[in-house]
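Let me put the structure up, and then I'll walk you through it.

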Amino acid sequence: MKKSKRKYFEQQLSKLNEAQKRLLYKRAANLRKAAQVNARKKRRHTRKEFSAKGDHENMVMFQKYSKVDDLTIDDWALKVIEEDGLNSIIESVESQTQQLNYSDSKSGIVVSANAKGCRVQCDGEIVDCLLGPNLSMMQKSEIAIGDKVDFAITKDSTAVIQRVHERKSKLSRPDPIRKNVERVVAANVDVAVIVASIRRPLLKPALIDRYIIAAQKGGITPCICVNKIDLMQDDDKANELEVLAPYREIGIKVIESSASKGIGIKELTNELQGKLCVFVGHSGTGKSSLLNAISPDVDAKVGTVHGATGLGRHTTTSSRLYEIEKDIWIIDTPGIREFGIWAMDADDLKWYFDEFAEYADSCHYTNCSHTHEPNCAVKQALERGEISQLRYRSYLRILEDLNAKPEY
Ligand SMILES: Nc1nc2c(ncn2[C@@H]2O[C@H](COP(=O)(O)OP(=O)(O)OP(=O)(O)O)[C@@H](O)[C@H]2O)c(=O)[nH]1
Ligand SMILES: [Mg+2]
Ligand SMILES: [Zn+2]
């Protein structure tokens, strides 16, 4: 920052009172922490690139990211004033003070959310809530569907979220654009129902594997619901469903269903009894249709699939939590093309493939990655057909992705 600019912002800072300064420095500390984490990852990447290629560009980038550590908290505070303006800090403190005049606080569950606020279900009613200033400063991932929250009604009858309770589980993914930002798809979920179809759209085993890993990593039980079984001829059915056998073998529940013919709906309902569930999967597999089949009252919007390609049309555009009678809570989510795994260390990935476990002890190297090492018991089991080729290929693909992304 130029000296003259710095002086100007320092003068602005001196106009703030104690409470405003406290908020400013809190914002500055958050920014500094995020920048340091980011710079550390970028440094690691450029250093690696530099030692591989020895190019000047990566060296310059490395030096640039090293400078982040030289910035003091005062530098960051000035940056906040420069970017957010003095008024945003003054206003935030004012609204924080206003909120002290609220009536007693209530608790509820977040049923939908956007950047400005969220809808909360409380005692059977839906309340539109704004995020309190302490929350709105945080990343969007700080509030997610399924979160248990406390909110208060201010004097002017606005509902404001005061606190998000600690989550017992979460399904996360990296933001598709800003990969170092976590997006929590759903919080406090018991079961993630991975809705797939064999035809229209075609099965995507690699996507199923990613969902399983993300669910298990977040403390959620995965379950597969293979929908649209009415599209298969009886003679081919057993053959075509064989592709899901490896999942059954590792103890994942697989439910066969047809939302349009009402097949498997009872079994699915029983599985979800007393739980909070999230329906995930590729677009057009029938997530919203299954939700409607379980509870016609919900009447979620259902789309069509493309006539020629059999691909879905992204009918559901934002996630929503529905309370179904009989104590079932379901989050319907929009179908997605790709699902990245949040904050996964490449070395840890192998532990998420349960079928490797019984062989891994016999690998020659204790830290065997089951890829290139000699005398790998997992690869031997693969050759004997004891481990599914499809699952092993998924493992290699995800591993490749994780190694290609220096941020994680
Ligand atoms: N044949 C058949 N078609 C189904 C079945 N379930 C759903 N469909 C059809 O598949 C299409 C897509 O269904 P949706 O319920 O909108 O799929 P979705 O997974 O919610 O899709 P997105 O919201 O885009 O992610 C619709 O035309 C449904 O009628 C089924 O069991 N059998
Ligand atoms: Mg849908
Ligand atoms: Zn091995």
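Okay, so of the 408 residues in the protein, 32% are buried, and by buried I mean that 20 or more other C-beta atoms, placed from the backbone, lie within 10 Å of the residue's own. Before I go further: this is a predicted model, where local features need pLDDT of at least 70, side-chain atom pairs count only at pLDDT 80 or more, and totals for chains, interfaces and linings use all residues. Residues are numbered from 1 along each chain as its sequence is written, while chains are lettered from A and ligands numbered from 1 in the order in which they are written.

How confident is the predictor? The mean pLDDT, its confidence in each residue from 0 to 100, is 89, and 95% of residues reach 70 or more. Helices (H or I, at least four residues) and strands (E, at least two) are DSSP runs, numbered from the N terminus.

Now the layout. An automatic or database assignment gives us domain 1 (3-98), domain 2 (102-164), domain 3 (170-332) and domain 4 (346-404). Where domains 3 and 4 meet, ten residues of domain 3 are in contact with nine of domain 4; contact means C-beta atoms, placed from the backbone, within 7 Å. On the domain 3 side, H7 brings the largest share, six residues.

What about the inside? The largest nonpolar core has 77 residues, and Ala 192 and Cys 277 have the most contacts inside it. A core here is a set of buried Ala, Val, Leu, Ile, Met, Phe, Trp, Tyr and Cys residues joined through C-beta atoms within 7 Å. H7 turns up again, giving the most to this core with seven residues. Leaving aside neighbours within four places in sequence, Cys 277 is in contact with, among others, Val 189, Val 191, Trp 329 and Ile 331. There's also a second, separate core of eight residues, including Leu 23 and Ile 81.

Last stop, ligand 1. Which residues are closest to ligand 1? Of the 25 surrounding it, they are Gly 286, Ser 288, Ser 289, Thr 316 and Gly 335, where the cut-off is a C-beta atom, placed from the backbone, within 6 Å. Helix H11 (residues 287-294) provides the largest share of that shell, three residues.

Note on methods:
Contact = placed C-beta atoms within 7 Å. Buried ≥ 20, exposed ≤ 12 C-beta atoms within 10 Å, placed from the backbone. pLDDT = per-residue confidence, 0-100.
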